[in-house]
Amino acid sequence: MTPGAVGPLGDIRPAAPAAPARGPVPPEILDALARTRPLPAATAALRAALHARRMLLLKSLLVRFDRVRGTLPAVVRRRFEDDWALLERAERSDAPAVRAVLDYPTTGAWLASALAAPDGPEFAEGLAGLGAVAVAAALRAGCRFTTTRVLPAGTLPLPGAGLLRCARGRARLSGRSGVLRITDGAGRTLLLPGAAPAGPGTRWTADGALAWSALHTLPGGTAVLDDVDPHRVPPGGIGPAALPAAERPYSDPAAWAARWRDAHALLAATHPARAAETLALVRAVVPLVPSAGGGPPLSATVRTAPGAVLAQLPADRRELVELLVHETHHTKLAVLDELVPLWRPGGTLHRVGWRRDPRPVPGVLQGAYAHLALLDLWWRARTGAAWVWRRRAAERFEACREQVAEALSVLADSDELTPYGRELVLNCLRYCTRSGEYSGGLELAQQVREHWSRFMEPIDQPMLDLATQEGNMLRNSGRFREVYELHRGVLRQLQAAPRRNEIGELVSKSAIASGLRSLGRYQEAYDLQREVLDGNERLLGPDEPPTLVARHNLGVTLRMLGRYAEALDLDLETLARRESVLRARHINTLHSGNAVTHSLRLLGRYREALARQEPVVRLHVQVLGPQHPQTLEARSQLAMCRRREGGHGPDVGPGMASLLDQLTQLHGREHYRTLAFLTNYGNYLREHGDLGQARDLIDEAEAGYRSLLGPAHPVATGMLSNTGLVMQAAGERGEALSMFESALAGLGATLGQDHPWVLGCALNAAGARNFNGRIEDAVELSRDTVRRSRHALGHEHPLTLSCQVALAADLRAAHEQEEAGKLEEDALLSLTRTLGAQHPHTISARGRVRPYWDFEAYLG
């Protein structure tokens, strides 16, 4: 056999014939396998490992034959040598065809059985299986051959092709010109066309003494429904009930084909790469007989026959998708363990959430690994295109995720894992911490980082990834100070290391900058993010994903600094690059679309923002589903666009109330994203006269931000302005003025006098001074605000024009009618030109209603 082209007399004597093929697994492949990520490279590596294992077992069989040949009957020796020669000839004719036969699941089951047989008659009987493999390989390879087989059991199973039944126990098989001729001892003949005789069903001679049962190929791929091979199920059956295989014609191939077709369509719609992986790794489905008591379908993967899914027929396509993903990952782990052993012998038993009986370490690892893949599947399905699956997937995800995390944590503490096994488990834990946000997720991330620091280099790339995951969870919990401190500590470790890791330092600096931004230290965040972007462009190039993330983050911070035009330029560049590199439907590209809308809206380009955001939301729903956190964020952005554009239709309020309920359900009432929308909805209600509910929501949001961020944070300070607007609308003018002045002083000291948030607070404070009879103070503040706003935002920004209208009102109150009239006329023309004659801002200015500015709480 290639390599080495060894025959029965070849000198192949491995030191340990039955030992697994060993060798290093590339880190990127091990990482992909740990994440259950369906990468073509990982699939190719597994298939190569499986083939290497089969070749080793085959050579082990040859070595054992050579060792005991003197004790074997002459007819057995001749038959084995002839079969080996036929196999060699087939390989020379078409090596990939022979590989397909050798790698077929039941070939592995036969090899394991033959090698386990004791010397003597049982081993001699096991050697006969090579003839079936050789004939199947010759058929697939299309080479000419003639062989006569003695069939004591009256059958000859050809792996991956079908089963020959011969009542007379002897058959002559000839392959010629693409036709297989089968002749029994009485001269009866079957002619089967094709190099691999296919065509589902059974053909037989007139008297039924000679019959060929071909396997059914399942739709859409090369996998077959194997309901005839005697090696397809272990002798003891499957599961506690020792279920046997379903025999033809009771295997129901039509039902399996229909269910398979529907399941793969569903899986392809939910996760195309996972569907491709399943088609590549599943070679056969073996039907099992139904259970007497009913219940969910039983399935299994036999370690000696990876690639075969042994299963009862599931009730629907969703069950079959879950079953296929589950068993595919048993196959992946079984093959990986043959390549590099993952566990040592031991007897410790552990409880797991998905089984009633305690399991040994190998069983815990197999179960945890398969369920980790299901978590990924359910996470996608719960917001996927197949709406009929969403509820079930969400329920299964919620029920299973902490069970998987607990099982992996148990494994991480076990001393029965090999170094490769421990690295796999720790990588699985890293991935598990990303499987959605849930209670206990942060604690798990911290445990994983502790495990990793105990067993691995504390400053390697996985450690950086773990710190990033933990930081993301801390940030999602609003623990921004801890994010900042965590990554400062990681950066110190990196900088103290003997070898410099510039990329790792940039990752840590990016996380520190995000922490600074969340803490309200916007200029420091900007300076550090500028350094990160420059470093990524220098080391990685302008279009690598980390560089695109750095560019996006810099745009966010520019918005927080009030530098909206610069933010828009950067957002548009990031969006264009992501559309080119990642394509339009990638989650990060969608995020950039949201960022462009945000910048447009803050620049006062409301119509453009609304026109952009509506298709952005539709694409979010199509790609991520309606309940995905980023979809809800996009819908929040759309609600704000509609409000700024003047959309006050009857459906706007109920739509915002519904969105608030969904955000509350997803994040909780005190989450910073929910608080941001509480603020937006409260301001909407105030505009529409519902002062009671508006005040409740604004007070709740202000208290929430103070608790989360502290009273000195810019966002907490800015919320005072919204509270003042509600007070002013309720006639509490003195209290409102105090709120506006406090917000103006606090934000001015933190952000500088030209920041848009400060200008908005100044607009409100000037109005409150006017309402409280301090006309000269109002005029002075309004003049200064108009000047600063024109400088910072431009003459035609809506905030600048609002400040101009407000100044006109203050001048009129000071009896300076001529200047007030000119300012008012100029502002009306500009508002009509930029926002339209029917925009609420334009209508209010025309009616000489004093404008105000509501604070939009945003943490970036």
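Guide: What follows describes the sheet, the helix across it, and then a pair of packed helices. The model is predicted. Five strands make up an open sheet, and their order is E9-E10-E11-E13-E12. The pairing within this sheet is mixed. At the edges stand strand E9 (216-217) and strand E12 (299-300). Each has a single partner strand, so one side of each is left without a neighbour in the sheet. Further in, strand E10 (residues 224-225) and strand E11 (residues 284-287) run parallel and are joined by two bridges. Opposite alanine 284 in E11 stands valine 224.

Helix H8 (residues 253-270) lies across E9, E10, E11 and strand E13 (308-311). Relative to E11, H8 runs at about 135°.

Next comes the helix pair. Two packed helices are described by the angle between their axes and the distance between the axes. For helix H2 (residues 40-68) and helix H9 (residues 272-281), the angle is about 15° and the axes are 11 Å apart. Angles under 35 degrees count as roughly parallel, and H2 and H9 are therefore roughly parallel to each other. Their crossing is right-handed. On the H2 side, the residues that meet H9 are Thr43, Leu46 and Arg47. On the H9 side, the residues are Glu277, Ala280 and Leu281. By class, this contact of H2 with H9 has three nonpolar, one polar and two charged residues.

Definitions and conventions:
Residues are numbered from 1 along each chain as its sequence is written. This is a predicted model: local features need pLDDT of at least 70, side-chain atom pairs count only at pLDDT 80 or more; totals for chains, interfaces and linings use all residues. Side-chain values use heavy atoms; hydrogens and water are left out. Axes are lines fitted to C-alpha atoms, for helices over the stretch in contact, and angles run from 0 to 180 degrees between N-to-C directions. Helices (H or I, at least four residues) and strands (E, at least two) are DSSP runs, numbered from the N terminus. Angles under 35 degrees count as roughly parallel, over 145 as roughly antiparallel, 65 to 115 as roughly perpendicular and the rest as oblique. A crossing is left-handed if the near helix is turned anticlockwise from the far one by less than a right angle, and right-handed if clockwise. Contact means heavy atoms within 4.5 Å. Ala, Val, Leu, Ile, Met, Phe, Trp, Tyr, Cys and Pro count as nonpolar, Asp, Glu, Lys and Arg as charged, and the others, Gly among them, as polar. Two strands pair if DSSP finds at least two bridges between them.
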